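Biologist: I am new to this structure and would like to learn how to read it. Please take me through it feature by feature.

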Amino acid sequence: MIVGVRSRGSKIRSAAFGYANLVPYVFFALFPFYYMIVTSLKNDAELYNLKAVPFLIQTGVITDHYRYLFFKTDFLTWMKNSLIISVTATSISLVIAILAGYSLARLRFPGVGSFGTAVFITYLVPPTLLFLPLSQVVVWLGISDTIWALVVTYPTFLVPFSTWLLMGYFRTIPREVEECALVDGASRMQTLTRIVLPMAIPGIVCVTLFGFTLTWNEFTYALTFVSQTANKTAVVGVTADLIRGDIYYWGSLMAGAVVASLPIVIVYVWFLDYYVSGLTAGAVKG
Amino acid sequence: MAVGQRVLEATGRARPGRLTRVREWWEHEPVFGYGLIVPALVLIVGLVAYPFGMAIYFSLSDYWVGSPGSFIGLQNYRDILGNEIFRQTVYNSFVFTAIAVVLKCVLGVWLAMLLFRPFRFKRLIRGAVLLPWVIPTALSVLAWKWMFDSLYSVVNWTAIHLGIISPPGPNWLGMASYAMAAVIAVNVWRGLPFFAIIVLAGLVSIPREYYEAAEVDGAGSWGRFRHVTLPLLKPVLAVVILFSTIFTFSDFNIVQVLTSGGPVNTTHLFATFAYQMGLSGGNLGQGAAISLFLFPMLAVIVFVQLRYIRKE
């Protein structure tokens, strides 16, 4: 794999070794999703038959669980809520983060270093540290038990993260470009919106994708701040409200998990490379 | 803003002139710089710093949901430290974090090295490996809950048919040590891609000449790993381990969905116990005190991160 003259045999052996190790990993990573889909398409009789093979669908594919989900539950409302919350919270955070990220990465003013550090520390604060007091803050703001409780609180983790990521992207843009624009008479705001932003598009796409993913997937705040069924997000609705009494109806639960994951899967498949680069930049840069 | 106000008052001229002056003032680098961070600052102060202060105040008062209490000093902390479940939670958190982070680290480096080799379908396999990290955790954990079902567990079914265990197999989520193993397994499943992808980026950045030099010096593959790969990965590994420790230690989703802290509190972590105490139980004071125990751990990690890692 590294250098030197290798025989054909050792190359093949090395490749076989690589695949032999990777295949179990890929299996481990993907099996729960496969099982989710299989379960959602199986009828209850087979699902709860101890003699059946759980990996396969032997008595025919059915769509009853999906139909139940769409027509007998609030699932579509949850999906709509999730979409509104994700899009709004991500957009607000993006604007705030672009302004702050540009300022902290590019401008010189007293205290810029400490502000950068403050953003970094906030980035590391886990949501589970603050959910109790925040649950009271949303009560005082009068938005408790509505989707706005989440729109307002999600930027608390999105803005630090996005600012941090964008600072890295802004730093890679050559200073001369901005200086030229300023000399040519552009205002600072024009320089930011017309010169810098177009050059930072990859960073902005990345932040948008992560923002959408993190807000769509969020569980702690969504579970804590909203208790009315009609105002829940898809993730919390499926996890908490599809269980009737103490009984788990696994067919419809897994159908819900499949459909609620779908938007993320589609975005992910489309923009895989951005996810990889964003993940790397977010953790390693700085 | 104060300077702007004064400029406006001092000039007192007709509107166009004033506007120009405000514009000029806005063009000053420090003014513009501070201006742009105001929204972020308001957010961080109002919805992170202030709630953090509130958490401290809650923890020092007998605050219940719906009834603001009075200041009671350290009573909540005394109560918690005397609470059997809390001591179990501390123990659980350390066991969970230590085992999960070590597993993710070792397997993550191993996986990254496998992904680093040239092979076919690279993009596809990379995409598949990262998938558990991208899908909503609460939903994928739901699938795991079904896979660990007491009666229809596919894990047990497979193990029984392979002859590894005898029927009926363990009740994964109903027995203390099995439940902890299950929670750790799911955390590793979800966190491994994060390690692997970042370590992979670290591997890519290692210059190949080092390996050539090591090979010339007669180093075998283990020697190359031990003396070239590992030392050069150290900064990347340090960052990933710190990040992962924070997020594993403060985990909520996996335990809440998979076991809700059970059986008999043997998988409770700080976050899930704080949730149970503060929201399900309504005792916000003690709940806040429990979640604040996350803070010392966080502070140490932030300190190490700022002090050593960002310097490098």
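Predicted model: local features only at pLDDT ≥ 70, side-chain atom pairs only at ≥ 80, totals over all residues.

Biologist: How do I read the overall form of chain B?

Modeller: Set its radius of gyration beside that of a globule. For 312 residues a compact globule would come near 20 Å, whereas chain B has 26 Å. Along the principal axes, the C-alpha atoms of chain B fill a box of roughly 90 × 65 × 30 Å. Of the 312 residues in chain B, 39% are buried. Among contacts in chain B with a separation of 6 or more, 66% join residues 24 or more positions apart.

Biologist: How do I read the place where two chains touch?

Modeller: The size of an interface is often given as the accessible area lost when the parts come together. Here residues are counted instead: 78 residues of chain B are in contact with 81 residues of chain A. On the chain B side, helix α3 (residues 29–59) gives the most, with 18 residues. That side of chain B divides into 62 nonpolar, nine polar and seven charged residues.

Biologist: And how do I read a nonpolar core?

Modeller: In soluble globular proteins, nonpolar side chains tend to be buried together. In this model the largest nonpolar core has 157 residues, and those with the most contacts inside it are L150(A), A257(A), A196(B) and L258(B). Helix α9 (residues 176–204) of chain B supplies the largest share of this core, 15 residues.

Biologist: Which residues is A196(B) in contact with, leaving aside its neighbours within four places in sequence?

Modeller: They are G108(B), L111(B), A112(B), L115(B) and V129(B).

Biologist: Where are the domains of chain A?

Modeller: The assignment gives domain 1 (8–62) and domain 2 (73–284) in chain A. Their C-alpha centres lie 33 Å apart. The contact between them takes seven residues from domain 1 and six residues from domain 2. On the domain 1 side, α1 (8–40) and α2 (44–47) of chain A each give two or more residues. The largest share of that side, four residues, comes from α1(A). By type, the domain 1 side has three nonpolar, two polar and two charged residues.

Biologist: Why does Y68(A) count as partly exposed?

Modeller: A residue is buried with 20 or more C-beta neighbours within 10 Å, and exposed with 12 or fewer. Y68(A) has 17 inside 10 Å, so Y68(A) counts as partly exposed. Y68(A) lies in helix α3 (residues 64–72) of chain A.

Definitions and conventions:
Residues numbered from 1 in each chain as written. Chains lettered and ligands numbered in written order. Domains from an automatic or database assignment. Contact = placed C-beta atoms within 7 Å. Nonpolar A, V, L, I, M, F, W, Y, C, P; charged D, E, K, R; others polar. Core = buried A, V, L, I, M, F, W, Y, C linked by C-beta atoms within 7 Å. Rg over C-alpha atoms; globule rule 2.2 N^0.38 Å.
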